[in-house]
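Here is a short briefing on aromatic contacts. Look over the sequence and structure first, then read the points below.

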Amino acid sequence: MLKINLCGIEFRNPVFLASGIMGETGSALKRIAKGGAGAVTTKSIGLNPNPGHRNPTIVEVYGGFLNAMGLPNPGIDEYLEEIKGVRDELNRMDIRIIGSIYGKDEEEFAEVAKKMEEYVDIIELNISCPHAKGYGATIGQNPDLSYSVCKAVKKAVKVPVFAKLTPNVTDIIEIAQAVVDAGVDGLVAINTVRGMAIDIKAKKPILANKFGGLSGRAIKPIGIKVVWDLYENFDVPIIGVGGIMSGEDAIEYMMAGASAVQIGSGVYYRGYDIFKKVCDEIINFLKEENLTLKEIVGIAHE
Ligand code: SIN
């Protein structure tokens, strides 16, 4: 009942793990797969090992989490060993892998994408991390840079390429237009919203990086509006992400235009099996309303 097809790839359900949570090791990905996800997205991986920002890198705030991890990862060569260790098992479980990557420029993105390609079903371009200077949103806030990165990756690989967009821009349509013009196969929206928290006793920002990206319940209405606008303007599939905790949240994103959704912070609040719970909640809704999954995608625009 929940099977979907995105860019010619079959998914057992449309509820995926978002990048950044439980994506650093093969065993963590396996745990999420067992929790019922239709696909797992890796932590964003770069060309070389990166220790990320100093601690504290994450703090719970009203409505979610603020994080400034700084894209920590072991580098693509070492990370591929993690994927190789679980890929066959995930395939047997019918779980797809989305490889999230980042780079400082088009050459670096293309090089990482080429190395990642053989082991994943889709490549997701992180041009949206709000707190890694020179990376992420530095590219994704600039239409020309976004275009050249997406164009270079599209030229380098054969698997479908999705661009993950930042909401921290004046006009998201301008950025989305650039990446669609570059030939991406789909859009992922949204990455975290820039924010800050101050420890009033210490009289200092809590995060070592001073500011970070807000995820969780508080950003859901922002994500819904972005997905709505993308659906109105583009014909490529959209994966909605931001504040999804329940089947109702996922359905809201789908009614705005998302063909699938990703969950990150929700794993903390509802456990590893949030994916199965959200799928069951979607199925119950579809039965109650006598609708199919396909019918609800974009239904709020009619
Ligand atoms: C991080 O690892 O710094 C978070 C990634 C992101 O916000 O895209």
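Two rings of Phe, Tyr or Trp count as a pair if their centres lie within 6.5 Å. The model is predicted. A search of the whole structure finds five aromatic pairs. Ring pairs join Phe 65, Tyr 268 and Tyr 269 into a cluster.

**The Phe 65–Tyr 269 pair**
- The ring centres of Phe 65 and Tyr 269 are 5.8 Å apart.
- Their planes meet at 35°, so the pair is tilted; stacked would need planes under 30 degrees apart, and edge-to-face over 60.
- Phe 65 belongs to strand S6 (residues 64-67), and Tyr 269 to helix H9 (residues 266-270).
- The pair therefore ties together parts that lie 204 residues apart in sequence.

**The Tyr 268–Tyr 269 pair**
- Tyr 268 and Tyr 269 also form an aromatic pair, and this one is edge-to-face.
- The centre-to-centre distance is 5.1 Å, with 85° between the planes.

**Exposure of the cluster residues**
- Phe 65 is buried, because its relative accessible area is 12% and the cut-off for buried is under 20%.
- Tyr 269 has 30% relative accessibility, so it counts as partly exposed.
- Tyr 268 has a relative accessible area of 54%, which means it is exposed.

**A charge over a ring**
- What sits over the ring of Tyr 269? The charged end of Arg 217 does, 5.3 Å from the ring centre.

Definitions and conventions:
Residues are numbered from 1 along each chain as its sequence is written. This is a predicted model: local features need pLDDT of at least 70, side-chain atom pairs count only at pLDDT 80 or more; totals for chains, interfaces and linings use all residues. Side-chain values use heavy atoms; hydrogens and water are left out. Rings of Phe, Tyr and Trp (its six-membered ring) pair if their centres lie within 6.5 Å; planes under 30 degrees apart count as stacked, over 60 as edge-to-face and the rest as tilted. Helices (H or I, at least four residues) and strands (E, at least two) are DSSP runs, numbered from the N terminus. Buried means under 20% relative accessible area, exposed over 50%, partly exposed in between (1.4 Å probe, protein chains only). A charge sits over a ring if NZ of Lys or CZ of Arg is within 6 Å of the ring centre and within 35 degrees of the ring normal.
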